[in-house]
Amino acid sequence: MKTEQLFIDLSKIVGKKNIITNAEDLTKYNNDWRGFYNNKSLCVLFPESVSIIKKIVKYCYKKNIKIVPQGGNTSLTGASVPTYNNKEIIINFAKLNKILEIDKSNLTILVESGSILANIKEYLDKQNYYFPIDLSSSGSCMIGGNIATNAGGINALKYGSIKENIIGLEIVTGNGSIITSLSKMKKNNTGYDLKSIICNSEGTLGLITKVLLKIFPKPQDNFTFFVAYKDLQTCIKSFNQIRELYYDKLESAELIPDLSIDVCVKNNFLKKHFFANKMPWYVIYRLNLYEDKALFQDIFEKKFNLIDKNISDILIPNSINQETKIWKFRDDLIEAYKMEGKIVTNDISIPLNRMYSFFNIAEKNIKKMNSKIKLHPFGHIGDGNIHYNMILPNDISHENYLKLRNKIYSYVNELVEKFDGSFSAEHGIGQIKKNSLLKFKSKNEIDIMKKLKKVFDRKNILNPGKIFDA
């Protein structure tokens with residue numbers, strides 16, 4: 001089919017105002033967040049309803065046109081951008097963004113899949129309810145994309161990843177059929193749980209259009225404290241003590257190396273260091289409170305002797321502004337780290353009891369590859385999800401950077417497997433981790449996934465080339 005005719009046909013379906021065909025305007029939708037992928041799409045569509053999406057998919061199924069579903073385009077694995085040049089259209093969900101219903105009796109909220117995560121959270125906050133998924137990209141990522149990648153974030157320690165917070169979904173499959181499973185019943189064992197299959201499928205099985213989410217009564221308050229540790233082993237031991245003491249309240253525990261603070265100060269995200277005496281490791285803790293904060297803090301200080309033996313220093317914010325500053329730093333450290341130039345990012349999970357050994361072995365062998373590499377591991381210590389990142393010397397050529405980056409990826413993934421961890425903890429597979437998936441998943445698992453792909457998307461038009469090559 002000629003491109004001109006394709007644009008005419010699609011314009012009739014979505015309306016002229018909801019299609020972009022200009023190459024320059026397409027760039028922001030073609031390029032991924034990290035800048036690794038920049039293949040060209042044919043066009044971008046912005047459907048305003050489920051019925052329009054159904055028509056688009058039916059048309060594409062008939063004409064064998066490939067589709068890339070895209071939310072906020074915050075994917076870190078190249079999952080939300082084209083795999084090939086001039087072979088795919090992008091369906092962007094930005095205009096499918098309505099909050100449809102809050103049900104306070106059944107503690108659910110029904111939203112369209114293009115709803116921004118932060119907007120959902122803010123809406124619920126005003127209603128005195130709470131949705132716990134919290135990501136650095138909350139202000140731009142969309143709930144459909146969060147589900148497609150099974151996003152975790154800083155609160156997964158208490159509430160789990162987004163999979164544990166979905167009750168129902170509506171999707172459009174590869175032939176344009178709609179599957180609606182939006183029962184509000186938390187106990188619903190009527191056959192296969194299709195929503196769990198769609199979650200983490202990265203848009204390869206169906207286009208998510210509506211989402212029924214679990215919500216919670218809003219905590220009365222939160223209690224944050226920022227702790228410094230002399231070494232990682234002590235840090236892990238201390239985390240276990242704090243978790244045992246405050247298990248029902250502990251929402252977040254974020255591991256931070258001292259390098260994170262230095263990078264934020266250097267790049268003007270912070271004016272000065274949080275602590276008077278630097279330590280190699282820190283953890284930011286947050287507890288949910290359904291009680292008076294002042295009374296809880298008094299009890300916390302009285303119980304402090306139960307956990308203080310492993311703590312080198314502690315900072316307890318004395319105002320909302322100080323507390324906000326700490327959590328803003330946690331978000332900003334990612335942007336500050338990116339500004340350091342040549343970086344390597346890994347999204348891994350490691351069993352907590354083996355994390356100290358993993359860090360030691362990994363650092364020793366990575367430094368052998370290049371002694372100037374700066375290790376920058378941070379993340380969600382509570383569930384073992386560490387972003388095992390590093391800053392590479394800026395004086396290496398781009399060609400040598402790519403070689404070293406690929407060598408590090410390969411080594412880290414191999415080591416993670418030996419430590420019974422996962423080489424993809426919360427970012428998915430996308431394009432960048434396909435080889436690792438084939439290497440570390442069993443043939444039987446891959447075969448079953450490919451069979452599922454054919455059931456939902458017989459012609460392989462939905463997000464082709466992601467997760468694996470069908």
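At 9% relative accessibility F423 counts as buried, buried meaning under 20% relative accessible area, exposed over 50% and partly exposed in between, with a 1.4 Å probe and protein chains only. This is a predicted model, in which local features need pLDDT of at least 70 and side-chain atom pairs count only at pLDDT 80 or more, while totals for chains, interfaces and linings use all residues. Residues are numbered from 1 along each chain as its sequence is written, and side-chain values use heavy atoms, with hydrogens and water left out.

Colleague: How far apart in space are F423 and L124, C-alpha to C-alpha?
Modeller: F423 lies in the loop between helix 13 and helix 14, where helices are DSSP runs of H or I with at least four residues, numbered from the N terminus. F423 and L124 are separated by 299 residues in sequence, and in space their C-alpha atoms are apart by 34 Å.

Colleague: With which side chain does the side chain of H387 make a polar contact?
Modeller: H387 is buried, its relative accessible area being 7%. A polar contact is a pair of N or O atoms within 3.5 Å, where within protein one must be able to donate a hydrogen and the other to accept it, and residues adjacent in sequence count only if both atoms are side-chain atoms. At 3.1 Å, the partner is the side chain of E426.

How values were computed:
Helix = DSSP H or I, 4+ residues; strand = E, 2+ residues; numbered from the N terminus.
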